[in-house]
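Trainee: Could we go through this model together? I would like to see how the labels follow from the numbers.

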Amino acid sequence: MDKRLPFSILVGLFFVLFAVLLVVVWVPLDTDTSYVEKVRRRLVIGDALAPTVAGALIFLGGLLTLLQTWLTRPGGEYANQPVDDPRLTRTNFIFLAAFLGTVALAFSVMAWAGPLAVALAGVGGEEGYRVLRDTAPWKYIGYFLGGTGLVTVIICGIEHRFSLRAILIGAIAAAAMIAIYDLPFDDLLLPPNGDF
């Protein structure tokens, strides 16, 4: 009987520990400000917010990996389900290419939907999108459409079918990110608005 830990448990434990070290040790030692700072009666994002959010997402991914391994162990809820071949196959590379293509397309929509909307509406004068990049609704168009599309396509790819539920989840996820990152802060530009 093989007593070695499954690779997925090692991966899950690695990322859980890495996330804890990131948030508890690395971020406090490497940042000058906290999560949020108050500057002249305005809330601004501190240096620690972005890496802490990244650490929390890494921690969640590690926990989900451990949970999946626990559920598929002998006696677990999904123990009798077939296990995929762990070797890399042509299908893996096709999936990776499709995923990276989806991300690239979504980022392109994020970058160009706002400027295109401004150009079609004929607003912004000679400067175009640059003067409106921090003005509602123009600053939200690209981020909302690209974010909604990205989440929707990923859900549809995983479920192997198109659904209105996937679009709704994508729209809610994009709107939630806008609400979390843009609405509380006056000086934050949603990506990729800072590039214009």
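Mentor: Happy to; what follows is a short talk about a predicted model.

Trainee: Where is Thr 148, and which residues does Thr 148 touch?
Mentor: Thr 148 sits in helix α4. Leaving out residues up to four places away in sequence, Thr 148 touches Ile 167, Gly 170, Ala 171 and Ala 174. Contact here means heavy atoms within 4.5 Å.

Trainee: How do you know that strands β1 and β2 pair?
Mentor: Two strands pair if DSSP finds at least two bridges between them. Strand β1 (residues 36-39) and strand β2 (residues 42-45) have four bridges, in the antiparallel sense. Lys 38, for instance, stands opposite Leu 43 in β2.

Trainee: What do β1 and β2 form, and what is the phi of Arg 40?
Mentor: They form a hairpin with two residues between the strands, and Arg 40 in the turn has a positive phi of about 50 degrees.

Trainee: What classes of residue line the second largest pocket?
Mentor: The lining has six nonpolar, three polar and no charged residues. Gly counts as polar, and Gly 157 is among the lining residues, along with Phe 95, Thr 102 and His 160.

Trainee: Which helices supply at least two residues each of that lining, and how much space lies in the pocket?
Mentor: α3 (90-121) and α4 (138-159) each supply at least two, and about 220 Å³ of space lies in the second largest pocket.

Note on methods:
Residues are numbered from 1 along each chain as its sequence is written. This is a predicted model: local features need pLDDT of at least 70, side-chain atom pairs count only at pLDDT 80 or more; totals for chains, interfaces and linings use all residues. Side-chain values use heavy atoms; hydrogens and water are left out. On a 1 Å grid over the protein atoms alone, a cavity is a set of points where a 1.4 Å probe fits but cannot get out, and a pocket is an open set with protein on both sides within 12 Å along at least five of seven lines; lining residues have an atom within 4 Å of a point. Grid points are joined across faces, edges and corners, and a volume is the space filled by probe spheres set on the points.
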